[in-house]
Structures are given as structure tokens and as C-alpha cells.
Amino acid sequence: MTICKNGEKEQCLILGLETSCDETSAAVIADGRTVLSNIISSQVPVHQKFGGVVPEIASRKHIENVMPVIHQALSDAGVKLSDLSAIGVTYGPGLVGALLVGVSAAKALSFGADIPLVGVNHLEGHIFANFLGRPDLAPPFVALVVSGGHTSLVHVKNYNDFELLGQTRDDAAGEAFDKVARVMNLPYPGGPQIDKLSKEGNPQAINFPRALSTKDSLEFSFSGLKSAVLNYLNSAAQRGEAVNHADVAASFQAAVVEVLVSKVIQAAKACNVCRIVLAGGVAANSELKTQLLTVCNTQGLELHYPQPVFCTDNAAMIACRAYYRYQAGQIADFRLNAVPSLKLGAR
Ligand code: KG4
Ligand code: ZN
């Protein structure tokens, strides 16, 4: 049963806020899964000239954008603040200054309009992006969260019960995509660029390393792969040899995808679940989806992944996660603060 602000309301409306990195986003969703609005103000063009996110600039841009984005989300959804059942906001993990902007705005609105406040873990939000517009999807499942800052395997046992099965020891998958793209002079963020360039290359051209690919490990490591690509490019430059960038991109991507696919399948078997979900920006990678779908089909596993707009940072996924916390009575008080290294499943 849906618990709403008061018994007369037909819909449970949640405002979500996301400012953990370089997107300022606000969204309104109804009854947990129907997106009424999802406004994303991206700072990508601002950070592009630096080749990555500059934290201080990100915080300042969030301050400029946060209220206009909230107004737009409410107006596009056709709702007033007083219609809301709760406000959900990302409070970690992420850049501390960036997180503080969203948390402060959410606390002010919650206090001013007397609306319950719900703190949301950004990674849990990425996983919950899979529920948006999908009334039939439910736990249990294994989630592979692959973003710019994280690579984690999570057993989602129920809407509020998660177990971290393994994560990266060093670089995140998206970080490796971005760093490799940067040395190949491709613009930030590099993931979509490598994805595109790989379509013209041979994934078997260069045999880059697949780290920690033993059967018993659910941990990842991408820094060795990143160094191998850099060494390959530097050695070729020193010898004055021309490099086929499409082959490098395709071979690098193949190494990342092979490890991700094999570990998520291994995790699903270990947890005895028949459903896998992808989450985070790298979930938009076309090769990852193609390869994983092929393996899932042969092994009788279900695969789910969000629409591309819900893969990268957005507030609709935060509102979705907030809905399930709100239903479980997990309401925050005004001591809610930014927690840059917030752990998955923390209460
Ligand atoms: O989830 P996200 O928007 O932000 C974080 O929470 O980190 O993920 C951004 C990351 C970036 O590293 C970006 O390069 C990567 O997702 N990404 C991709 C693709 N689209 C975005 N990586 C590989 N292939 C893609 N198509
Ligand atoms: Zn993210």
C-alpha cells in the first residue's frame, strides 16, 4: 500500500534532487515509478576544457542552477510544493561541496514547506533507475553499478536490503574510460567517445590485460589496464609508429566488458538469482549491453538496464530511491549532512 502525505491524495509525489558531481538535477515522480519531470542541467561543457570535473567550479554552478532546476521540475510536472509527500536528496557519495548544495536546498524546502526529508545514497539511486517506468521489475536481483566513480556488484535482496559483493580496488570502470579517452585526445566524458570509436575498430587487435579474472574473486581492478593502454600509446609514439586509435579503443573496451560480464554472471550464480540489472553511466555502453545480453540469453538469465537518460546522473532515480525509503519510514532530520564516502546500505 502506498503511504502518502494525507489519505485524500491519490498520488504519492516525490521531488528528487541530485548534485553529487557535475549535473544539477531535479525531478518529480508519482507512486515511485512514473516520471512526471526530470530536469538535468549538465556542466559537461564547463568542465570539458579541463578534461575532467573541477570540484570548486561544480559547487558554484550547482548554487547557480539548483533553484531554477527545482522550479522547472515542479512546473513541468504541474505540481506545487504543498502537493509533495517527500523530498529526496543525494547526500553521498560524491564531491562534498557539490553534495552540500543539494542537501542545503532540500533541507530549506523541507523546513519551509513542512515536507518530510529523505536522504538518498547516489549508488542506490543508480540501481533504482531500473524501476522507472517498469512496474513489473522487483528484487531480488544482482546489480552491476558502473559509473565514473564506482564499480560495484550488489545483491539487492529487497527494496531496503543490499549486500555489497565486490567492488574495484582502484579505478572505476568509467574513470578508466575517461582517462584512456583523455590520452587519445577525445573530449570529456570519454566513455561515449570510446564506445563510438570502438565500432570502427578490431576488439582483438591488442591483447590488453584482464585483471582479477579468477573465478573466486568478485573484485575489480582497472588501473593496470589503463596503464597498459598508456604504455602501448607511449611506446608507439617513441618508436614513431602510427597507432590505429579505433583498434586501441575497441581492444580496451573489450577488456573492460569481458571482466564486467564474467563477474556479474558469477555474482548472479553465487546469489542464486535469475535477474541482473545494470546501473550507472557505463550501463549506457553499447558493447556491454550486447555482450551481457548474449550471455544472459544462453544462461536463462533476465537482463534489465535503464533508458540512457536514466543511466547517467539524474534526479528521477533519486526520487525513486527516496520513495522506497519514505514508504519504509526512513525519514531524515535536519542533521542530514553530506557524506562524501557514504557506504551502500548505510542508514
Ligand atoms: O553515473 P555517471 O553519470 O556519474 C557518476 O556517478 O560517476 O557516470 C559517468 C561515467 C563517465 O565516466 C562516462 O564516461 C561514463 O559514465 N559513460 C560511458 C558511456 N556513457 C557514459 N562509459 C562507457 N560507454 C558509454 N556509452
Ligand atoms: Zn552517478
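In what order do the five strands of the open sheet lie? The order is S8-S7-S6-S9-S10, and the pairing is mixed. Strands pair here if DSSP finds at least two bridges between them. Helices (H or I, at least four residues) and strands (E, at least two) are DSSP runs, numbered from the N terminus.

The model is predicted: local features need pLDDT of at least 70, side-chain atom pairs count only at pLDDT 80 or more, and totals for chains, interfaces and linings use all residues. Residues are numbered from 1 along each chain as its sequence is written, chains are lettered from A and ligands numbered from 1 in the order in which they are written, and side-chain values use heavy atoms, without hydrogens and water.

Strand S8 (161-167) and strand S10 (302-304) form the edges of the sheet, and each pairs on one side only. From one strand to the next, the twist averages 25°. Strands of a sheet pair through backbone hydrogen bonds, either parallel or antiparallel. Strand S6 (residues 141-146) and strand S7 (residues 151-158) are antiparallel, with six bridges. In one of these, valine 146 has threonine 151 of S7 as its partner.

Two helices meet this sheet. Helix H8 (residues 245-271) packs on it and touches S6, S7, S8 and strand S9 (275-279). Contact means heavy atoms within 4.5 Å. The direction of H8 makes about 155° with that of S6. Helix H9 (residues 286-299) lies across S6, S9 and S10, at about 175° to S9. Axes are lines fitted to C-alpha atoms, for helices over the stretch in contact, and angles run from 0 to 180 degrees between N-to-C directions.

Histidine 122 and histidine 126 both lie in helix H4 (residues 122-128), four residues apart, about one turn of the helix. Both histidines are buried. Buried means under 20% relative accessible area, exposed over 50%, partly exposed in between (1.4 Å probe, protein chains only).

No disulfides (pairs of cysteine sulfur atoms within 2.5 Å) are found in the whole structure. For cysteine 320, the nearest cysteine sulfur is that of cysteine 12, 11 Å away. Cysteine 320 counts as buried because its relative accessibility is 0%. Cysteine 12 is also buried, at 0%.
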